[in-house]
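The following questions and answers work through one chain, taking its contacts and then its surface.

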Amino acid sequence: MAKALFGHVVTPAELRVVEENAVLRAKVRRLERELEELRAQRDAAIAHELLSMTGDPALA
């Protein structure tokens with residue numbers, strides 16, 4: 001039945017490639033989330049620094 005669902009016989013090498021692909025996709029998603037968080041932190045730090053340059057303590 002499983003072979004019918006795949007439409008052909010899947011070799012162990014193909015399964016390994018599929019598994020590696022899934023692992024790499026998960027890693028890319030994790031790295032994209034991390035990059036988004038780092039960019040947000042950088043933008044917040046830049047905004048804070050710019051506000052502190054205005055000299056108005058209420059903004060900083």
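**Pairs, helix and surface**

Student: How many residues apart are Arg16 and Glu20 in helix α2?
Tutor: Both residues belong to helix α2; helices (H or I, at least four residues) and strands (E, at least two) are DSSP runs numbered from the N terminus. About one turn of the helix separates Arg16 from Glu20, that is, 4 residues.

Student: What kind of model is this, and where does residue numbering start along each chain?
Tutor: It is a predicted model, in which local features need pLDDT of at least 70, side-chain atom pairs count only at pLDDT 80 or more, and totals for chains, interfaces and linings use all residues. Side-chain values use heavy atoms, without hydrogens and water, and residues are numbered along each chain, as its sequence is written, from 1.

Student: What is the N to O distance between the side chains of Arg16 and Glu20?
Tutor: Side chains of opposite charge can pair when their charged atoms come close. A salt bridge requires a side-chain nitrogen of Lys or Arg within 4 Å of a carboxyl oxygen of Asp or Glu. Arg16 and Glu20 meet in a salt bridge, with an N to O distance of 3.4 Å.

Student: Which residue forms a salt bridge with Glu34?
Tutor: The structure holds 3 salt bridges, among them one between Asp43 and Arg42 at 3.1 Å. In the bridge of Glu34, the closest N and O atoms are 3.8 Å apart.

Student: Is Arg42 buried, exposed or partly exposed?
Tutor: Buried means under 20% relative accessible area, exposed over 50%, and partly exposed in between (1.4 Å probe, protein chains only). Asp43 has 42% and therefore counts as partly exposed. Because Arg42 has a relative accessible area of 46%, it is partly exposed.

Student: How far apart are the end C-alpha atoms of α2?
Tutor: The expected span of a helix is 1.5 Å times one less than its number of residues. The 42 residues of α2 should therefore span 62 Å. The distance between the end C-alpha atoms agrees with this, at 61 Å.

Student: Which residue takes a positive phi just after α2?
Tutor: The chain has 2 helices and 0 strands. Just after α2, a positive phi of about 85 degrees is taken by Gly55.

Student: Which residues make the nonpolar surface patch of about 320 Å²?
Tutor: Patches take residues with over 30% relative accessible area and no salt bridge, joining like charges within 9 Å and nonpolar side chains (Val, Leu, Ile, Met, Phe, Trp, Tyr) within 5 Å. Leu50, in helix α2 (residues 12–53), counts as exposed because its relative accessibility is 52%. The patch is made by Ile46, Leu50 and Met53.

Student: What percentage of the 60 residues in the chain is buried?
Tutor: The accessible surface of the chain (Shrake-Rupley method, 1.4 Å probe; for residues, only the protein chains shown count as cover) comes to about 5,600 Å². Carbon and sulfur atoms hold 63% of that surface. Of the 60 residues, the buried share is 0%.
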